[in-house]
Amino acid sequence: MKHRAAWVWLAVLIAAMAFLALRWTSGITLQSNILALLPPTERDAAAQNIQDKIANVFSRRVVFLVGDADPAKAEAAALELSAALGHSGMISALTSKIDVNAEQRMAAAYYPYRMGLLSNADRNHLFANDGQALVSRTLSMLYGPGGFANAKLIAHDPFLLLPAYFLALPLPESRLAADNGVLSVRDGNETYVMVSADLAGDAYALQYETRFGDFLSKTLGALRAHAPGLNILRTGAVFYAHEGADESMNETSIIGFVSMAATLALIFVVFHGLRPIVLGFIAISAGVLCAFIGTLLVFGQIHTIALLFGVSLIAISVDYSLQYFCEYFDSGAPDPAARLKRVLPGVAVGISTTLIGYCTLLLAPFPGLQQVAVFSLIGLGASCLTVVLWYPALDAKRPPRADNTFVSLAARHWALWEDPALHATRVGIVVLCAVLAIAGSFRLRTDDDVRHLQSLDTDLKQQQAEVERLTGSSPRAQFLLVRGANEQALLKTEERVASRLNHAQDILGGYTAMAQFAPSIARQAENRKLVRQRLIAPYLAGYLAQIGYQGQVDYTPPGGFLTPAVLPRTGALSLLSILDVSSSPHPAHIVLLQNVTDASQLEKRVADIPGVRFVNLTDDWSRLFGDYRRYAIGLLALSALLMYPLLGWRYGWFGGLRVMAPSLVAVALAPPIAALAGVAFTFFNAMALVLVLSIGVDYSVFCRETSGERKPVTMLAIALAALSTILSFGMLAFSRVFAVHAFGATMLIGIALAFLFAPMAGDGRFGTRKMGSI
Amino acid sequence: MRFGAAISLRLAIIVSFLLLAATLDLARAADSVPQTLKSGEILRGRFIQDRRLAGFAKPLRTEGTFVLAPGRGLIWRAVKPFQNTTVITPQGILGQTNGQETMRLPAARMPGLAHLYDVLGGALSGDAAPLEQTFAVRRSEVAGGWQMFLTPLHPDNPTMSQIKSLAVAGHRFVETIEVDKDGGDVDRLSFLDQSVSATPLTADEKSLLGTLNK
């Protein structure tokens, strides 16, 4: 019966390998955007849709500044770069040359509707019945140096209102100057020329990232070879993502390799044999194989962070193998069946509690964490199945060994908690831990800032800061989302918003709204009336006489009105396609906000306008991480509660508490002690604690399940388990991916504490068999 | 029908050439010791601008004063027919009427401005190359001074779109500039009572030149 199950399992694994090979050839999607780990933010699907769209627009933008001491060289290199980008087929839009014709197209589109288009200042003058101010302005333009007005212009726009309207449009203003048809900025001796592009692919899709990264390093390399003095700055989500993905892929392989190598080396040293290594490797590989396929089947893709965590979590299956192998040192278990029988109760309870721990991850509404949970649940299950089904057969003839030095060493850990002579040491340890934790609790701080979670690549951050300094603009993902029944309703709402924002200069650098480019029809009609009644009627004749204009005036409004659809979306107006975020049947615009200094105040000032919502992508994400950090702590409590009935059923209600106590202490002490090392408490630390709890409970369960002569043997297995866990998660603490680093550091400290306190869950009977004397 | 950029362009071009020419003669005039405006030196004077526009009964005449501080900018103050001040610096252009700001154009809105500053800067340091890359230059000596006739090398360039030619005449300083524009429009600028001094800018002038940095 058991034999047949082993064969079936073999068949399943072979089928799994074949399936994976098949999937591999058709391409597997590896995700690396940390935000893909996040849940949909809210139930408002339309708003979510819009935010996704905007996030997408922001994430696709890349900006280069090509600098050289020689402006001509900088310009030539910039044009070469944009030509290469244009030919690469990897971008959808490119700005390097200023499109002169775009300005003409823009003017032509506006021209027929000029009478209804007023700058804010002009409109205010007319409202105040101060038409004279506009007459004076026109005169100063006519008489001023280098005047551009001529008879033709005066005939069609006698008060030059359209040029004034154009000048007031919120076109991108920055330190960049439009020069020789390119945007450039001078900084010291360097001249930087800007090249900006929109990617045609998903900045976070690994394959696209890699292709774009390769293309760019080739192109930039060629440029630099040509002109060694070039200084090329770049910024864009794709570079962070590329760096991040590279990083976590490298780390996955390095951490995975070192973790496995160290674990196997440990086993080899302790057991002087290859068989546990081979068997351990088989168990882990079977687990990872099944987990990978299972996750792919469930989610259709795998996130690199899920892969990283998942592989590490499956390595926990080594813990259970170790329980079995350490029975080699137990003279009371002569054959594989006996060994398995002896460790099975502890392993069964351990696996059950661990699975409970991982299952609570499933309850987190984070797609990424669900991936981690599914990956580790399947992997762990498969690993354990491999141990139970295959080990007895593969391990048939192993003779029992005499006890060795490692067993005596392990015995000392029991003595630390059970030897009456070591009471003072115990108290010392407890006091030391308490002092460390209290000291650390003063430094404990939470950190949910999403910008800290994505990448620690300082070079890219410096380049971004430099680009922002040189261009004088920092694209912050802050805007107002405006929704309404139709486009005209949106424009009217925006005009209400604009009147508020015009008076919010204390907390706002500027704003860009569709209604500024295409006023609502109602506004245009009102403007026309103002111009007719308060400018043309009282002033036109006198003004024309003053300047001596003798021609005709053709200044009559057309039948229709300007609508956004009339405007071209090229050149400076390409901005408009960002502002319109409608997805049928939901008309929606955004109002971009620049340099918001007080977000909550701004939110308050527009809060009462229906259909308007302040959105701050960075803050929203950060708030979300905060919510889920608290959520994770809830999960932690929940998994403790779920484990307790099982432990209580097996060990009695008080016994169950004793088994949980060491892990609960570890969970409580790990964050403040980590804080001593400067580790802030994030969502990822909280998730690590969930695992500290389930792994720690395993240790206590093993300690509780063993007795008498088996105690040192069990402790050896726990020590090896803790060591291998620390080896793998200790590595994570050195990760440069902040989230992984936070997770690793907490695991490192938490597991060490759980191991330290685990013997407290034992039977407390010291010296049944004097193995190691202290 | 180009507005936003066009406004500033014309401004920049004509005024820059005033500045340029004001110093060019120092290097070119046959009978004067070559000298340039040294750092810290300031050129002041009066101007009369006659703008002849087709379809207008009479020229639009403006009179006023100007202050040129090399490297910092130009203040162009019209007194007649009404008070109006225009300030041009590498950061952009500013218009004021009776102390009220009527126009503000940062350099980012003005394609070509920085190039014109290159032309000007080159001329100030005796380097005519940037000028000759932009215009075909014809110089001639005349009785009591010199003349220059400039025609855009690239008339298709939008920066030059309305300018057909510039005629500059002067002796120690530029005395007249005539700008021929499309449609028969002509700007004629005369400069009077010019003097170079090392007197520092007044507080008022400094504040005007600094306004665009804010």
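This is a predicted model: local features need pLDDT of at least 70, side-chain atom pairs count only at pLDDT 80 or more; totals for chains, interfaces and linings use all residues.
**Pro81 of chain B**

I went to Pro81(B) and found it in the loop between strand E3 (73-80) and strand E4 (84-89) of chain B. I checked the peptide bond that joins Lys80(B) to Pro81(B): it is cis, with omega at about 0°.

**The chain B sheet**

Next I traced the sheet in chain B. I get 11 strands in an open sheet, in the order E6-E5-E4-E3-E2-E1-E11-E10-E9-E8-E7, and the pairing is antiparallel. Which strands stand at the edges? They are E6 and strand E7 (135-142) of chain B; each has a single partner strand, so one side of each has no neighbour in the sheet. I noted an average twist of 15° from one strand to the next.

I looked at two of the strand pairs in detail. Strand E5 (residues 92-97) and strand E6 (residues 100-106) of chain B run antiparallel and are joined by six bridges. Opposite Gly92(B) I found Pro106(B) in E6(B). The hairpin of E5(B) and E6(B) has two residues between the strands, and in it Asn98(B) takes a positive phi near 50°.

The other pair is strand E9 (residues 163-170) with strand E10 (residues 174-181) of chain B, again antiparallel, and I have seven bridges down for it. Gly170(B) has Val174(B) in E10(B) as its bridge partner.

**Chain A, overall**

Then I turned to chain A. Its secondary structure comes to 28 helices and 12 strands. Of its 774 residues, 46% count as buried. I also looked up its contacts with a separation of 6 or more: 83% of them are between residues 24 or more positions apart.

**The four-stranded sheet of chain A**

I found an open sheet of four strands here, ordered E10-E11-E9-E12 (chain A), with antiparallel pairing. The edges are strand E10 (510-512) and strand E12 (612-616) of chain A; each has a single partner strand, so one side of each is left without a neighbour in the sheet. The twist from one strand to the next averages 25°.

I followed strand E9 (residues 478-483) of chain A to E12(A): they pair in the antiparallel sense over five bridges. For Val482(A), the bridge partner in E12(A) is Val612(A). Helix H24 (residues 599-606) of chain A packs on the sheet and touches E9 and E12 of chain A, and its direction makes about 165° with that of E12(A).

I checked the length of helix H6 (residues 131-143) of chain A. Its 13 residues at 1.5 Å each should span 18 Å, and the end C-alpha atoms are 19 Å apart, so that agrees. Among the buried residues of H6(A) I listed Gly131(A), Leu134(A), Arg137(A), Thr138(A) and Met141(A).

In the loop between helix H5 (120-127) and H6 of chain A I came to Asn129(A). Its phi is positive, about 55°, although Asn129(A) is not a glycine. Is Asn129(A) buried or exposed? I count 11 other C-beta atoms within 10 Å, so Asn129(A) is exposed.

Leu160(A) sits in the loop between helix H7 (151-156) and helix H8 (161-168) of chain A. Its phi is positive too, near 50°, in a residue other than glycine. Leu160(A) has 20 C-beta neighbours inside 10 Å, so I logged it as buried.

**Nonpolar cores**

Last, I looked at the cores. The largest nonpolar core holds 133 residues, and those touching the most other members are Ala670(A), Val692(A), Leu716(A), Ile718(A), Ile751(A) and Ala754(A). Helix H25 (residues 617-676) of chain A gives the largest share, 21 residues. At least three residues of this core come from each of domain 1 (1-31 + 274-402) and domain 3 (405-469 + 618-774) of chain A.

I took a closer look at Ala754(A). Leaving out residues up to four places away in sequence, it touches Pro662(A), Ser663(A), Ala666(A), Val692(A), Ile695(A), Gly696(A) and Tyr699(A). A second, separate core has 57 residues, including Met115(A), Ala149(A), Phe159(A) and Leu573(A).

Notes
Residues are numbered from 1 along each chain as its sequence is written. Chains are lettered from A and ligands numbered from 1 in the order in which they are written. Two strands pair if DSSP finds at least two bridges between them. Axes are lines fitted to C-alpha atoms, for helices over the stretch in contact, and angles run from 0 to 180 degrees between N-to-C directions. Two residues are in contact if their C-beta atoms, placed from the backbone, lie within 7 Å. The expected span of a helix is 1.5 Å times one less than its number of residues. A residue is buried if 20 or more other C-beta atoms lie within 10 Å of its own, exposed if 12 or fewer, and partly exposed in between; C-beta atoms are placed from the backbone. A nonpolar core is a set of buried Ala, Val, Leu, Ile, Met, Phe, Trp, Tyr and Cys residues joined through C-beta atoms within 7 Å. Domain bounds come from an automatic or database domain assignment.
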